[in-house]
Amino acid sequence: MRLWFRRLLSGRTVSVQTELDSARLVGERLEDLVVKRGQCPDDDRNILLMGYWALLFDFHKAILGLISKPLCGSAFALVRPCMEALVRAHVAVKGSAADIESLQKDTYRTNFATIGLWMDAEFGTGDLFTNFLGHARAALHSFTHAGISQLGRRFDGHDLKASYDEGEIIEVIRVSTSAVWMVTNLVTKHLGFTAEATKAEELYLEWGKH
């Protein structure tokens, strides 16, 4: 089974190590853009937004570190929390007052069947999030909750040995790296960090060429 997100490789050969190195570098540069700005407004929405932004970068670093071990089962299990943090960051910006209260009370539940449509409508992103999140539902659940997607990769033939496909590992690296750009794009534009928003887009486009 393939994962839910691909970018064209243009016939080029890629390796997991190359992807890890590239993802670490762009992640560090994206994070620095916001960190160097110092403090941001501390109203309820922005506190939530920045918390999710920081958490997503934490997950991203963990995914890259676990893949390099290699502990791919744990890395794959963290992709759903990445998507949760990405969704909630957007809800923090444009969700209703009731949504904000549910985030604060920890009663918010993400409906991956509908949230992408809402995000695209609210943020004018075409079908970006609908596609990015909508195709992920089954795999996200299975990888995070010890489902068959995980169990099937604990065997190599009849041997009890992890067998995660290199292509799938690369997809996980790219999905999580795309997520940290998306949340940085949200933060910089929402807070009016115009120069940083432009630089973030440049970094992401350059990363996409590797």
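Modeller: Keep in mind that this is a predicted model. Its largest nonpolar core has 64 residues, and among these L30, I67, M83 and L133 touch the most other members.

Colleague: Okay, what is I67 in contact with, leaving aside its neighbours within four places in sequence?

Modeller: With those neighbours set aside, I67 has contacts with V16, L20 and A75, and also with I169, V172 and I173.

Colleague: And M83, where does that lie? Is it buried or exposed?

Modeller: M83 belongs to helix α4, which covers residues 79–94. Its relative accessible area is 0%, and because buried means under 20%, M83 counts as buried.

Colleague: Which residues does M83 touch, not counting those up to four places away in sequence?

Modeller: On that count, M83 touches F112, F132, L133, L140, V175 and A179. Taking F132 from that list, it is 49 residues from M83 along the chain, yet the C-alpha atoms of the two are separated by 9.4 Å.

Colleague: Switching to helices, at what angle do α4 and α5 pack?

Modeller: Helix α5 spans residues 97–104, and α4 packs with it at an angle of about 135°, the axes being 8 Å apart. The crossing of α4 past α5 is left-handed.

Colleague: Which residues make the contact?

Modeller: From α4 come R88, V91 and A92, while α5 supplies D99, I100 and L103. Of the residues in this contact, 4 are nonpolar and 2 are charged, with no polar ones.

Methods
Residues numbered from 1 in each chain as written. Predicted model: local features only at pLDDT ≥ 70, side-chain atom pairs only at ≥ 80, totals over all residues. Heavy atoms only, no water. Core = buried A, V, L, I, M, F, W, Y, C linked by side-chain atoms within 4.5 Å. Buried < 20%, exposed > 50% of the residue type's maximum accessible area, 1.4 Å probe, protein only. Contact = heavy atoms within 4.5 Å. Helix = DSSP H or I, 4+ residues; strand = E, 2+ residues; numbered from the N terminus. Axes fitted to C-alpha atoms, helices over the stretch in contact; angles between N-to-C directions. Left-handed = near helix turned anticlockwise from the far one by under 90°. Nonpolar A, V, L, I, M, F, W, Y, C, P; charged D, E, K, R; others polar.
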